[in-house]
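Please examine the sequence and the model below before turning to the grouped points.

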Amino acid sequence: MTSILLLGSTGSIGTQTLDLVRQPKSGLAVSGLAARASWETLLEQAKEFGVTQLALTDPEAAALARPHLAPGTHLHEGPEALQELIHACDFDTAVHGVVGCAGLPASVEILKRGKRLALANKESLVVAGEHLMALAENSGAEIIPVDSEHSAVLQCLRGEDRARLKRVLLTCSGGPLRLTPQSDLDRVTPEEALKHPNWSMGPRITIGSASLMNKALEVIELHHLFGLTPEEIEVVIHPQSIVHSMVEFVDGAVVAHMGVPDMRGPIHHALHTPDRPPSPVRGFDLQAFSKLEFEAPDPVRFPALTLGYECIRAGGDSACVLNAADEIAVQAFLDGTIGFTDMNRVHRAALDQRQGDASSIETLLAADSRARTHARQTVQELSMSKPAHAGPALPPSTNRS
Ligand code: MG
């Protein structure tokens, strides 16, 4: 049996992970469950999977849950709850589906324990990739990506000589606004931007799929996971989301990973690799996907993508600042405070104000905090100067490879 600690158990990654545990002969057991505030769902999950170690990071939710705990259950609560749970549980693999930079301290603790980290919280790598990769190396921990594209790259590289890799073709569905004209982007509503054509994911990543900021963060994630330079990463729009990414080798061969868009695939891989036991992910019907299209992304309509490359080249705290600004911008867009293209302005303003120090996890968390404050100010300025978001988006930087 593989024992799993599940962080973010009530979210999209968490519920799909539990669906895998539920399968007959899954070989999986759950030793700990953590959520932010969805305490009723957390307690239902604890009952179904017989889990006694729980965490709720929202103190109000924890107070509501406490009277309903089953005998022998321990509930960790508050801002340190995830770290406490990580130390209280015995587990082989932690599935980390927390959203945002808030998941970084938990990634650090899991890696310090030398465990396998099945990482869906890409923000951990975006914010502090160099520190996390070094930590994993020193402790003997493994970081296995749950992000579908990165899981695909890992599978394409299996058994290959990394020195023979020429470049990675990182696929991107293009999201729900792929065909929206530039002139209409500032009128896009949260409802329209949340309609992802292929993948079932949480709101932040779905808005990021519409703006291509998610792909920018994935470029940075790819850089850290596989030690790739910006020149070795090319983003390709692939609307069908069947090819999850490709690796080109120096002999001209291109190896692609294909499958239906189902996040249980990369979660299953992260839990079991190098084994490939059966999974509930349905097989591939080539007739249903006889047409696979590929096109170049449009950096003018979607300037966010360029920022991923800019952050790798700039280094320091730039990716941390970009991520923080995007977390604030996405929430402001979902709240109706700013328009869709205003998110680009929040990103640019934050990057232009950054300080640069990335010497430790602590300095990065401080940079994250400063960038959030600054992004909130930018959001406020944009919301007060309406119809600011009716104007054109800021021009994209031009230094993309
Ligand atoms: Mg992805």
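A residue counts as buried under 20% relative accessible area, as exposed over 50% and as partly exposed in between, with a 1.4 Å probe and protein chains only. The model is predicted, so local features need pLDDT of at least 70 and side-chain atom pairs count only at pLDDT 80 or more, while totals for chains, interfaces and linings use all residues. Residues are numbered from 1 along each chain as its sequence is written, and side-chain values use heavy atoms, without hydrogens and water.

**Magnesium site**

- Asp-147 (OD), Glu-149 (OE) and Glu-218 (OE) coordinate the magnesium ion at 2.0 to 2.1 Å.
- Donors are N, O and S atoms within 2.8 Å of the metal (3.2 Å for Na, K and Ca); water is not among the atoms, so sites may look incomplete.
- Along the chain, the donors follow the spacing D-x1-E-x68-E.
- Glu-149 is buried because its relative accessible area is 8%, and Asp-147 is buried at 7%.

- Two strands pair if DSSP finds at least two bridges between them; strands S1 (residues 2–7) and S5 (residues 93–96) run parallel and are joined by four bridges.
- Leu-6 stands opposite Val-95 in S5.

Technical notes
Helix = DSSP H or I, 4+ residues; strand = E, 2+ residues; numbered from the N terminus.
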